[in-house]
Amino acid sequence: MNTINNQETVKNQYANAGNLNTRISIHQKYSTNKLGFGNWIFSNYKINEGMKVLELGCGTGDMWKGHEALMDKCSKLVLSDFSEGMLETARQNLGQKACVEYRIIDIQNIPYEAETFDVVIANMMLYHVPDIQKGLAEVRRVLKKDGAFYCATYGEHGIVEYLAKVLGRYGVEDNINKNFTLQNGKAILESFFPKVQKLNYKDSLAVTEIEDLIEYIYSLSSMSSLSSVPKEEIRATLNKHMVDGVLMVPKEYGMFCCNM
(Lines give C-alpha, C1' and ligand atoms only; values in the text may rest on other atoms or scores of the structure.)
Protein backbone atom coordinates (compact mmCIF):
# COMPACT_ATOMS: atom_id res chain seq x y z
CA MET A 1 0.00 0.00 0.00
CA ASN A 2 1.50 3.36 -0.94
CA THR A 3 1.89 6.21 1.54
CA ILE A 4 -1.01 8.27 0.16
CA ASN A 5 -3.47 5.38 0.24
CA ASN A 6 -2.25 4.38 3.69
CA GLN A 7 -2.84 7.91 4.99
CA GLU A 8 -6.37 7.85 3.55
CA THR A 9 -7.06 4.50 5.22
CA VAL A 10 -5.88 5.84 8.58
CA LYS A 11 -7.94 9.02 8.18
CA ASN A 12 -11.05 6.98 7.41
CA GLN A 13 -10.40 4.62 10.34
CA TYR A 14 -10.00 7.47 12.81
CA ALA A 15 -12.37 10.10 11.37
CA ASN A 16 -14.52 9.50 14.45
CA ALA A 17 -14.41 7.38 17.58
CA GLY A 18 -16.62 4.51 16.32
CA ASN A 19 -14.05 1.91 15.28
CA LEU A 20 -11.68 2.87 18.06
CA ASN A 21 -14.38 2.53 20.72
CA THR A 22 -15.23 -0.94 19.39
CA ARG A 23 -11.60 -1.99 19.81
CA ILE A 24 -11.25 -0.40 23.23
CA SER A 25 -14.42 -2.05 24.55
CA ILE A 26 -13.31 -5.63 23.88
CA HIS A 27 -10.13 -5.02 25.87
CA GLN A 28 -12.09 -3.49 28.74
CA LYS A 29 -14.51 -6.42 28.81
CA TYR A 30 -12.27 -9.45 28.31
CA SER A 31 -8.68 -8.61 29.29
CA THR A 32 -7.27 -11.05 31.84
CA ASN A 33 -4.97 -8.41 33.33
CA LYS A 34 -7.44 -6.35 35.34
CA LEU A 35 -5.02 -3.46 35.94
CA GLY A 36 -5.83 -2.26 32.43
CA PHE A 37 -3.33 -1.25 29.75
CA GLY A 38 -4.03 2.46 30.16
CA ASN A 39 -3.54 2.37 33.94
CA TRP A 40 -0.31 0.41 33.47
CA ILE A 41 0.97 2.99 30.98
CA PHE A 42 0.18 5.81 33.40
CA SER A 43 1.96 3.96 36.22
CA ASN A 44 5.19 4.33 34.22
CA TYR A 45 4.90 8.06 33.57
CA LYS A 46 7.10 10.38 35.60
CA ILE A 47 5.21 13.68 35.54
CA ASN A 48 6.08 16.12 38.29
CA GLU A 49 4.38 19.30 39.46
CA GLY A 50 4.59 22.14 36.95
CA MET A 51 5.72 20.09 33.97
CA LYS A 52 4.68 20.87 30.39
CA VAL A 53 3.29 17.77 28.65
CA LEU A 54 2.37 17.09 25.02
CA GLU A 55 0.37 14.04 23.96
CA LEU A 56 0.36 13.25 20.25
CA GLY A 57 -2.49 11.06 19.00
CA CYS A 58 -4.58 11.38 22.15
CA GLY A 59 -7.58 9.78 20.41
CA THR A 60 -10.71 9.92 22.56
CA GLY A 61 -8.69 11.01 25.61
CA ASP A 62 -10.24 8.04 27.41
CA MET A 63 -7.00 6.95 29.07
CA TRP A 64 -6.84 10.22 31.03
CA LYS A 65 -10.13 9.43 32.78
CA GLY A 66 -9.43 8.74 36.42
CA HIS A 67 -6.08 10.53 36.20
CA GLU A 68 -7.34 14.07 36.75
CA ALA A 69 -4.86 14.58 39.60
CA LEU A 70 -2.01 13.99 37.16
CA MET A 71 -3.58 16.39 34.68
CA ASP A 72 -3.75 19.06 37.39
CA LYS A 73 -0.03 18.61 38.12
CA CYS A 74 0.80 19.89 34.65
CA SER A 75 1.38 23.61 34.18
CA LYS A 76 0.40 22.89 30.56
CA LEU A 77 -1.07 19.74 29.00
CA VAL A 78 -1.55 19.76 25.24
CA LEU A 79 -3.81 16.93 24.04
CA SER A 80 -3.50 16.62 20.28
CA ASP A 81 -4.62 14.44 17.42
CA PHE A 82 -4.56 14.71 13.64
CA SER A 83 -8.31 13.92 13.57
CA GLU A 84 -10.71 16.73 14.38
CA GLY A 85 -13.42 14.16 15.19
CA MET A 86 -11.21 12.41 17.74
CA LEU A 87 -10.19 15.69 19.31
CA GLU A 88 -13.81 16.74 19.73
CA THR A 89 -14.56 13.44 21.47
CA ALA A 90 -11.58 13.98 23.79
CA ARG A 91 -12.86 17.47 24.62
CA GLN A 92 -16.30 16.04 25.45
CA ASN A 93 -14.77 13.24 27.56
CA LEU A 94 -12.39 15.39 29.57
CA GLY A 95 -13.95 18.84 29.51
CA GLN A 96 -12.23 22.18 29.86
CA LYS A 97 -9.39 22.75 32.32
CA ALA A 98 -7.22 25.80 32.72
CA CYS A 99 -4.06 23.77 32.10
CA VAL A 100 -5.40 21.74 29.15
CA GLU A 101 -5.24 22.75 25.50
CA TYR A 102 -6.71 20.74 22.60
CA ARG A 103 -4.92 21.05 19.25
CA ILE A 104 -4.83 19.35 15.86
CA ILE A 105 -1.17 18.43 15.38
CA ASP A 106 0.80 16.31 12.93
CA ILE A 107 3.77 14.72 14.68
CA GLN A 108 5.84 15.38 11.56
CA ASN A 109 5.43 19.13 12.04
CA ILE A 110 4.95 20.00 15.73
CA PRO A 111 4.11 23.72 16.01
CA TYR A 112 6.20 24.49 19.10
CA GLU A 113 9.65 25.89 19.69
CA ALA A 114 12.61 23.68 20.58
CA GLU A 115 12.82 22.41 24.16
CA THR A 116 9.24 23.36 25.07
CA PHE A 117 8.06 20.17 26.82
CA ASP A 118 9.24 18.12 29.79
CA VAL A 119 7.29 15.08 28.58
CA VAL A 120 5.99 13.96 25.17
CA ILE A 121 3.60 11.01 24.82
CA ALA A 122 2.68 9.12 21.63
CA ASN A 123 0.76 5.92 22.37
CA MET A 124 -0.41 3.39 19.77
CA MET A 125 0.17 5.72 16.83
CA LEU A 126 3.81 5.79 15.68
CA TYR A 127 3.22 2.90 13.25
CA HIS A 128 0.78 5.17 11.36
CA VAL A 129 3.28 8.03 10.83
CA PRO A 130 4.25 8.26 7.11
CA ASP A 131 7.78 9.49 7.94
CA ILE A 132 8.55 8.14 11.40
CA GLN A 133 12.12 9.46 11.28
CA LYS A 134 10.82 12.98 10.74
CA GLY A 135 8.21 12.51 13.47
CA LEU A 136 10.73 11.33 16.06
CA ALA A 137 13.13 14.12 15.11
CA GLU A 138 10.31 16.57 15.86
CA VAL A 139 9.62 14.88 19.22
CA ARG A 140 13.27 15.18 20.18
CA ARG A 141 13.37 18.82 19.03
CA VAL A 142 10.47 19.95 21.27
CA LEU A 143 11.69 17.96 24.30
CA LYS A 144 13.79 19.68 26.94
CA LYS A 145 17.34 18.38 27.41
CA ASP A 146 16.29 16.36 30.46
CA GLY A 147 12.89 15.41 29.01
CA ALA A 148 11.17 12.04 28.63
CA PHE A 149 9.31 10.44 25.72
CA TYR A 150 6.76 7.66 26.31
CA CYS A 151 5.31 5.58 23.47
CA ALA A 152 3.17 2.45 23.75
CA THR A 153 2.75 0.00 20.89
CA TYR A 154 1.86 -3.60 20.09
CA GLY A 155 3.99 -6.63 19.32
CA GLU A 156 3.95 -8.82 16.23
CA HIS A 157 2.62 -11.93 17.99
CA GLY A 158 -0.76 -10.84 19.32
CA ILE A 159 -4.39 -10.73 18.27
CA VAL A 160 -3.99 -10.29 14.51
CA GLU A 161 -1.45 -13.11 14.22
CA TYR A 162 -3.88 -15.37 16.09
CA LEU A 163 -6.85 -14.38 13.92
CA ALA A 164 -4.80 -15.00 10.76
CA LYS A 165 -4.19 -18.58 11.92
CA VAL A 166 -7.82 -19.20 12.87
CA LEU A 167 -9.41 -17.46 9.86
CA GLY A 168 -6.66 -18.10 7.30
CA ARG A 169 -8.93 -20.06 4.96
CA TYR A 170 -11.01 -16.91 4.44
CA GLY A 171 -8.03 -14.98 3.15
CA VAL A 172 -7.19 -13.31 6.47
CA GLU A 173 -3.46 -12.61 6.59
CA ASP A 174 -1.16 -11.41 9.32
CA ASN A 175 -0.69 -8.04 7.63
CA ILE A 176 -0.38 -6.04 10.82
CA ASN A 177 1.41 -2.72 10.37
CA LYS A 178 4.98 -3.47 11.44
CA ASN A 179 6.43 0.03 11.02
CA PHE A 180 6.85 0.39 14.79
CA THR A 181 6.40 -2.61 17.06
CA LEU A 182 7.80 -4.02 20.31
CA GLN A 183 10.19 -6.01 18.13
CA ASN A 184 11.76 -3.15 16.15
CA GLY A 185 10.83 -0.04 18.17
CA LYS A 186 13.90 0.03 20.42
CA ALA A 187 16.31 0.12 17.48
CA ILE A 188 14.31 2.91 15.83
CA LEU A 189 14.18 5.01 19.00
CA GLU A 190 17.88 4.57 19.80
CA SER A 191 18.71 6.70 16.75
CA PHE A 192 17.12 9.65 18.57
CA PHE A 193 17.35 8.97 22.31
CA PRO A 194 20.43 7.84 24.28
CA LYS A 195 18.38 5.91 26.84
CA VAL A 196 15.56 3.58 25.70
CA GLN A 197 13.85 1.05 27.97
CA LYS A 198 11.28 -1.49 26.76
CA LEU A 199 8.53 -2.58 29.16
CA ASN A 200 6.19 -5.52 28.44
CA TYR A 201 2.56 -5.75 29.57
CA LYS A 202 1.37 -9.30 30.25
CA ASP A 203 -2.22 -9.84 29.10
CA SER A 204 -4.66 -11.85 26.96
CA LEU A 205 -8.36 -11.88 26.05
CA ALA A 206 -10.75 -14.43 27.58
CA VAL A 207 -13.72 -13.98 25.25
CA THR A 208 -17.06 -15.49 26.30
CA GLU A 209 -19.34 -13.69 23.79
CA ILE A 210 -18.14 -14.40 20.26
CA GLU A 211 -20.33 -11.61 18.88
CA ASP A 212 -18.09 -9.05 20.58
CA LEU A 213 -15.01 -10.50 18.90
CA ILE A 214 -16.77 -10.47 15.53
CA GLU A 215 -17.53 -6.75 15.92
CA TYR A 216 -13.88 -6.18 16.82
CA ILE A 217 -12.72 -8.08 13.74
CA TYR A 218 -14.94 -6.08 11.39
CA SER A 219 -13.68 -2.80 12.90
CA LEU A 220 -10.18 -3.58 11.61
CA SER A 221 -9.27 -2.26 8.17
CA SER A 222 -6.89 -5.21 7.75
CA MET A 223 -9.84 -7.64 7.76
CA SER A 224 -11.31 -6.41 4.45
CA SER A 225 -11.06 -9.95 3.00
CA LEU A 226 -13.99 -10.92 5.26
CA SER A 227 -16.38 -8.42 3.67
CA SER A 228 -17.90 -11.11 1.45
CA VAL A 229 -17.99 -13.83 4.13
CA PRO A 230 -21.27 -14.25 6.09
CA LYS A 231 -20.81 -13.45 9.78
CA GLU A 232 -22.54 -16.72 10.62
CA GLU A 233 -19.64 -18.61 9.05
CA ILE A 234 -17.06 -16.60 10.99
CA ARG A 235 -19.06 -17.15 14.17
CA ALA A 236 -19.13 -20.92 13.63
CA THR A 237 -15.37 -21.04 13.00
CA LEU A 238 -14.56 -19.09 16.16
CA ASN A 239 -16.96 -21.18 18.23
CA LYS A 240 -14.97 -24.30 17.32
CA HIS A 241 -11.93 -22.84 19.08
CA MET A 242 -13.72 -22.16 22.36
CA VAL A 243 -12.88 -24.32 25.38
CA ASP A 244 -15.45 -24.50 28.18
CA GLY A 245 -17.21 -21.46 26.75
CA VAL A 246 -14.06 -19.32 26.54
CA LEU A 247 -11.92 -18.32 23.56
CA MET A 248 -8.40 -17.40 24.69
CA VAL A 249 -6.77 -14.83 22.42
CA PRO A 250 -3.12 -13.82 22.96
CA LYS A 251 -2.16 -10.15 23.29
CA GLU A 252 1.25 -8.50 23.01
CA TYR A 253 1.48 -4.91 24.20
CA GLY A 254 4.07 -2.75 25.90
CA MET A 255 5.80 0.62 25.83
CA PHE A 256 9.14 2.37 25.50
CA CYS A 257 10.42 4.93 27.99
CA CYS A 258 13.01 7.22 26.43
CA ASN A 259 15.23 9.83 28.08
CA MET A 260 17.49 12.49 26.67
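A search of the whole structure finds 0 disulfides, a disulfide being a pair of cysteine sulfur atoms within 2.5 Å. The structure is a predicted model, in which local features need pLDDT of at least 70 and side-chain atom pairs count only at pLDDT 80 or more, whereas totals for chains, interfaces and linings use all residues. Residues are numbered from 1 along each chain as its sequence is written, and side-chain values use heavy atoms, with hydrogens and water left out.

For Cys 58, the closest cysteine sulfur is that of Cys 74, which at 13 Å is too far for a bond. Cys 257 is likewise in no disulfide, the nearest cysteine sulfur, that of Cys 258, being 7.3 Å away. Cys 58 has a relative accessibility of 9% and counts as buried, and Cys 257 is buried with a relative accessible area of 9%, where buried means under 20% relative accessible area, exposed over 50% and partly exposed in between (1.4 Å probe, protein chains only).

With residues up to four places away in sequence not counted, Leu 238 touches Val 166, Leu 167, Ile 210, Leu 213, Ile 214, Ile 217 and Leu 247, contact meaning heavy atoms within 4.5 Å.

In helix α6 (residues 132-142), the buried residues are Ile 132, Gly 135, Leu 136, Glu 138, Val 139 and Val 142. Because they cover an arc of only 155° around the axis, they lie on the same side of α6, the arc being that of the directions from the helix axis to the C-beta atoms. These buried residues of α6 pack against β4 (117-121), β5 and α8 (185-189).

The search of the whole structure also finds 11 aromatic pairs, for which rings of Phe, Tyr and Trp (its six-membered ring) must have centres within 6.5 Å, with planes under 30 degrees apart counted as stacked, over 60 as edge-to-face and the rest as tilted. One of them, Tyr 45 and Tyr 150, is tilted, at 5.0 Å centre to centre and 50° between the planes. This pair links distant parts of the chain, 105 residues apart, with Tyr 45 in the loop between α3 (37-43) and β1 (52-55) and Tyr 150 in strand β5.

Notes
Helices (H or I, at least four residues) and strands (E, at least two) are DSSP runs, numbered from the N terminus.
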